[in-house]
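Q: Could you take me through one part of this assembly in detail? I would like a close look at how one chain meets its partners.

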Amino acid sequence: MKVDKPLISKLENLAKLALSDEEKTQLLTDMNDILSMVEKLDHLDTEAVAPLIHMSDQPQVLRKDEIKHELSKEEALKNATAKVDPFFTVPKVIDLD
Amino acid sequence: MSVYDKYETVIGLEVHVQLSSLTKAFCADRTTFGAPPNSQTSVISLAHPGTLPRLNKKQVAHAVRLGLALGSEINPKSYFDRKNYFYADLPKGYQITQDNLPICVGGVLPFSVGERAVNIRIHHIHMEEDAGKSIHDLSDHATMIDLNRAGVPLLEVVTEPDFRSPEEVDIFMNTMRQLVRYLEISDGNMEQGSMRCDCNVSVRLKGETTYGERCEIKNMNSMRYARRAIAYESKRQIDLLEAGHSITQQTLNFDPQTGITTPLRNKENAHDYRYFPDPDLAPVVIDKASIDHLRQTLAVLPWEVTTRLRDEFKLPAKDANLLAEEKEIALYFIDLATLANDPKACANLIINKVRPYLQQEKISIEKFPLSQKQLVAFIKLIQTGKLSSSIAYQRIFPALIESPEQTPLAVAERLNLIQSDDEDFLTKIVDEVLAQHPKEVAAYQKGKKNLIGFFMGEVMKKSRGKAAPKTCNALLRKKLA
Amino acid sequence: MPKYSNLQVIQSALKAGSTSCEKLVDYYLARIEKQQALNIYIETFAEEARTRARALDQKYREAPSSVGPLFGMVVSIKDVLCYKDHKLSAASKMLHNFTASFSATAIERILAADAIIIGRTNCDEFAMGSANESSYYGPTRNAIDPTRVPGGSSGGSAVSVQADTCLAALGSDTGGSVRQPASFCGLVGMKPSYGRISRYGLLAYASSFDQIGIIANSVADTAILLEIMAGADEFDSTVSAEAVPAYSQHLSFPGKAKIAYFGEAMQHEGLDPEIKKQSFDFIEALRGAGHQVAAVDFEYLAYLVPSYYVLTMAEASSNLSRYDGVRYGHRTATATSLEEHYRKSRTEGFGEKVKRRIMLGTFVLSVGYYDAYFKKAQKARRLIQDRILQVLADYDFIIMPVTPSVAWKIGEKQGNPVEIYLSDIYTVLANLTGLPAIAFPLGKNKNGMPFGIQLMSAKFTEKNLLSFANTITQNLR
């Protein structure tokens, strides 16, 4: 598996990053090195093996439907750099979604 | 035969039901509708660093209830996946959902279109959480984000592509609404957003067995719009195919102003959601005992009620459907009809008087001022001929509402409206009426038999509504013969 | 040598009146002040610690039995742990100005036990790294040789104890981030079983690997801290309901142990010969003390690092999606669209190493690659875990080096990331399998740089692990 510039763009798109050309070049090398290392896994025969999905054996302990631990609006907005009380704001979204 | 008749429209739905629980799916913030923006959040729903989800018991119970009602298989073990994408009202940058192993699989929702029975197969039901709200029209430069709704529990019901018309979709959604209200898992209110659907629409030539390429119309929160959207989309696709083009799979938005569907401008070309099992949530395990308990305590189902009203209480379909619309009304009817032993009369009373009153006063049946005992007495007065039904409905009923502490008999007597079938009293009135209208008597005797209605009206007027119709009628005919 | 080597010594002194919490805090604050060059702390809570110390001293004077088990313990916390109304940066520009609105369950518990938190320590950005060189606030330096790294990602935690600026430190261990710096700094470092301590309030890096870890001078202090923090928590769905033994009361291992080591691990070509020799010497010493130590096959050694990195990068890429500048965190100065806002805020906010891991994590989860990478790694994890459980069915412990080398020079390993990743080979095993592991000092190399050795045991057997570690560290060195 070789990582190329188009793949980097695709990944940037999914991860919402915008790397500089320099960063991209470096990343290309690094990613290819890391993936080579990771491809070691191909040598492992995992045909009949079930993937390990959950680390805990115990089933989910469900939560009672009771109201608790709410934040005030002020506390909720406290850490936001851009806000128009009582909302968080982002640049205008023109997509219809 | 138009070109459109060559095709059939194939529709599948993804219905999102917002659950009526006190708290959200994965945290304990409240879920009340219409609260001031960002007043119902917590560090968890805001996705602060270090926060973790905890699953709401209610959501699981509601999911199982819905599955049982639809005859689905309940998966004793199911788990959650992360659906990764970025949007301003999606705090974690992923939605917790069930992609791989949902809680319910299969099932059927039965309903009728006129006389025709339709069974829509359910593909599966899964649990997930809602996103917050993005408000675009409060400012020119910014979109406002309200996260009250972020994390509210949802059930998504995915159907097989079994629909063949917008009408079927409409009735299905109506039945779904009815069902979730019967089960008391949601108020199914589309205007408020507690129920919405995405419609997957494709077309194919009639007789074809393979499916055409489908397009998804998202976020329909009104069945009026959905019907128009589906109809428009169906035509659009047929036009394309007829012109020799092919259909590209896309996600669409329906604009009710223009009446057309347009592609949603994608922020990313491929929706690669990178689903993977959520490591923060252990699998949901439901044992047989719990499922059995939920099955035994399952609320009565709307189609069971409708069937019972038709078969056991012998109501016509129209009345049965009306009464079954709201569970509380249907159950009220069943109680009343059992007490009064006159289903038809009870149906009439509830449909024509009680229900409109509740709607007018904007109250629910529990707040109705009259007791069932009083209603039974009221019906008996009509049954035993002490009141004509028109007098009872028009005069006694409203008076009774005004004086709910009185019995119907007391009210009727107070208003002097008890019907009389006292022959002497009625004979006197009949004689007076006939004497006053010799022309009509002659006409009647000459053959205009429908004048009996006229005479009846006059007798009723003269008796101030107290004349017992049957007795009057018999007397009149005797005298006119 | 620290002035106070463990809590028992401190509590005796407090009882005798020869010190007070206030005096302790003053002492440690002076130590911090003196060693600013080591860049241990992102922020010291000086005034707050003094006030709290005075209040605790007062409480003690009024009723000596009313104070909690951690009375007299001054700790530092890695800047990935939420502490209400205190800044939390994860050593990243992304969270440079963020204030936590709640405290981690573990933090609440140590405070309820009357510990004093003296400050938040530096670490690798978002806990990703093995040398504490990727912090937005600059590298932390090893107190024994400040030209060298302290290890990572809990480098600040380790040096805070090493440089005697507090008695113990809380860190986080996802692939060795507590044990490796403990080893590089000559300290005890422990990662409990997955699910032993609630992760609520621990900034998530890789959710199925992360655990809060403890760095201290002694196993005894490690044990009491674990005892206080461990146990069920309503906020964490993955925490275990398993009862918490009184670890601090059971520090003596009864009888003799059966210990396994992996020939492949000990003979690994990357392992420093000095470390190898001293590790084998230690094994001999254990045998001499009557314990059984046997070589066991472990054919999956080469797959530990690859599976670890695929899975943790994948989980991290998702866990870091919440850092988007909308509700908190760094926000770019000018953006005219949501897309631009996201891209610029995230690119500006995250350091290079974090961005690399996000990209790789996104890759292994994406359509077309998921099965070959992510699912494959999940299967490898299953094989590894099964094998280790097999070994631990026959043995009480597994003994292994902590790191292939001692601490390297700052700036020495900036080039090839793979080289650094591979240095995690011994530590990732405990995180892949969710098992508890403790690293304790073994020796020093010819340049005086310390290195440790680690023990692993079966899930939720920390009582055995701690008591055995305590027994052998008391008796064997």
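A: Across the interface of chain C and chain B, the rule (a side-chain nitrogen of Lys or Arg within 4 Å of a carboxyl oxygen of Asp or Glu) finds 1 salt bridge. Arg199(C) pairs with Asp280(B) in a salt bridge, and their closest N and O atoms are 2.8 Å apart. Please keep in mind that this is a predicted model, in which local features need pLDDT of at least 70 and side-chain atom pairs count only at pLDDT 80 or more, while totals for chains, interfaces and linings use all residues. Residues are numbered from 1 along each chain as its sequence is written, chains are lettered from A and ligands numbered from 1 in the order in which they are written, and side-chain values use heavy atoms, with hydrogens and water left out.

On the side of chain C that touches chain B, helix 10 (301-319), helix 11 (338-349), helix 12 (352-365) and helix 13 (370-394) of chain C each supply at least two residues. Helices (H or I, at least four residues) and strands (E, at least two) are DSSP runs, numbered from the N terminus. Helix 11 of chain C gives the largest share of that side, 4 residues. Sorted by class, the side has 20 nonpolar, 12 polar and 10 charged residues, where Ala, Val, Leu, Ile, Met, Phe, Trp, Tyr, Cys and Pro count as nonpolar, Asp, Glu, Lys and Arg as charged, and the others, Gly among them, as polar.

Counted by contact (heavy atoms within 4.5 Å), 42 residues of chain C and 31 residues of chain B take part. The buried area, meaning the accessible area (1.4 Å probe) that two parts lose on being put together, summed over both, is about 2,900 Å² between chain C and chain B, with carbon and sulfur atoms giving 59%.

Now turn to the contact with chain A. Here 54 residues come from chain A and 71 residues from chain C. About 5,300 Å² is buried between chain A and chain C, and carbon and sulfur atoms give 67% of that area. In chain A, Leu41(A), Leu52(A) and Met55(A) lose the most area to chain C, together 14% of what that side buries.

Between chain A and chain C there are 5 salt bridges. Lys355(C) forms one with Glu23(A), with the closest N and O atoms 3.1 Å apart. Arg356(C) forms a salt bridge with Asp30(A), where the closest N and O atoms are 2.8 Å apart. Arg356(C) lies in helix 12 of chain C and Asp30(A) in helix 2 of chain A, so the pair joins two chains.

The count of residue pairs in polar contact between chain A and chain C is 24, both residues at pLDDT 80 or more. Helix 1 (5-15), helix 2 (21-38) and strand 2 (87-91) of chain A give two or more residues to the side of chain A that touches chain C. Helix 2 of chain A gives the most, with 10 residues.

Technical notes: A polar contact is a pair of N or O atoms within 3.5 Å; within protein, one must be able to donate a hydrogen and the other to accept it, and residues adjacent in sequence count only if both atoms are side-chain atoms.
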